[in-house]
Amino acid sequence: MSELSEFISGLDNIDWFSKCGTSDNKYIVIYSIFEAFDNYNDKYFKVWDYHITQLELEAQNVIGDEKIDYIFSSISSAIGETLWTKWCLFTDRQNLYEETGLENEILDMVKRDLAWIFIEKYLKKDSFFSALMRIYQNGHFPCAWDGEYPDGKAIVL
């Protein structure tokens with residue numbers, strides 16, 4: 001799957017988490033990892049679960065579960081170490097030493113988003129996950145959505 005290799009190579013150009021904790025008028029910025037989970041987890045699941053369910057149904061019909069699993073596994077393997085390194089740089093920069101324990105969950109969320117981003121691209125869709133890619137490319141971590149997507153704003157670290 002050459003498209004997947006090309007997609008994974010392009011992930012090297014993203015400066016992961018580089019703008020987390022910095023103001024940005026495009027988004028609602030929060031500054032605490034714990035706040036992201038404690039105050040916005042319900043909003044996260046409401047929006048993400050809906051979009052995952054819709055995309056997964058289409059992807060299962062078009063490319064099948066085996067290929068979906070391959071995409072998830074390939075992306076996770078390729079990007080895991082880089083995400084961990086960049087996450088540590090972010091938490092050090094923002095002095096979030098006390099806010100530990102959610103790293104693995106957050107990095108898994110990013111990997112999952114990336115897999116769905118690739119699947120949207122593969123299916124030639126420009127929808128919810130493609131919008132998340134633009135947020136990641138801007139150096140933020142999307143942790144919820146305020147309002148009814150596509151209206152409203154992304155809530156980001």
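**Entry 1: α2 against α3**

I started with α2 and helix α3 (residues 65-93), which pack at an angle of about 155 degrees with their axes 16 Å apart. Axes here are lines fitted to C-alpha atoms, for helices over the stretch in contact, and angles run from 0 to 180 degrees between N-to-C directions. The helices are DSSP runs (H or I, at least four residues), numbered from the N terminus.

A note on my source: this is a predicted model, where local features need pLDDT of at least 70 and side-chain atom pairs count only at pLDDT 80 or more, while totals for chains, interfaces and linings use all residues. Residues are numbered from 1 along each chain as its sequence is written, and side-chain values use heavy atoms, with hydrogens and water left out.

α2 and α3 are therefore roughly antiparallel to each other (angles over 145 degrees count as such). I also noted that α2 passes α3 in a right-handed crossing (the near helix is turned clockwise from the far one by less than a right angle).

Which residues of α2 and α3 meet? From α2 I listed Ile33, Ala59 and Gln60, and from α3 Asp65, Ile68, Trp87, Phe90 and Thr91; contact means heavy atoms within 4.5 Å. By class, this contact has five nonpolar, two polar and one charged residues. Ala, Val, Leu, Ile, Met, Phe, Trp, Tyr, Cys and Pro count as nonpolar, Asp, Glu, Lys and Arg as charged, and the others, Gly among them, as polar.

**Entry 2: α1 against α4**

Next I looked at α1 and α4, whose axes come within 11 Å and cross at roughly 130 degrees. α1 passes α4 in a right-handed crossing. Glu3, Leu4 and Phe7 in α1 meet Leu114, Ile117, Phe118, Lys121 and Tyr122 in α4. I counted six nonpolar, no polar and two charged residues in that contact.

**Entry 3: the largest pocket**

I found about 230 Å³ of space in the largest pocket. A pocket is an open set of points on a 1 Å grid over the protein atoms alone, where a 1.4 Å probe fits, with protein on both sides within 12 Å along at least five of seven lines; lining residues have an atom within 4 Å of a point. Volume is the space filled by probe spheres set on the points, which are joined across faces, edges and corners. Of its 13 lining residues, Phe7, Ile117, Lys121, Met133 and Gln137 are the closest to the centre. α1 (2-10), α4 (103-122) and α5 (128-137) each supply at least two lining residues.

Conventions: Angles under 35 degrees count as roughly parallel, over 145 as roughly antiparallel, 65 to 115 as roughly perpendicular and the rest as oblique.
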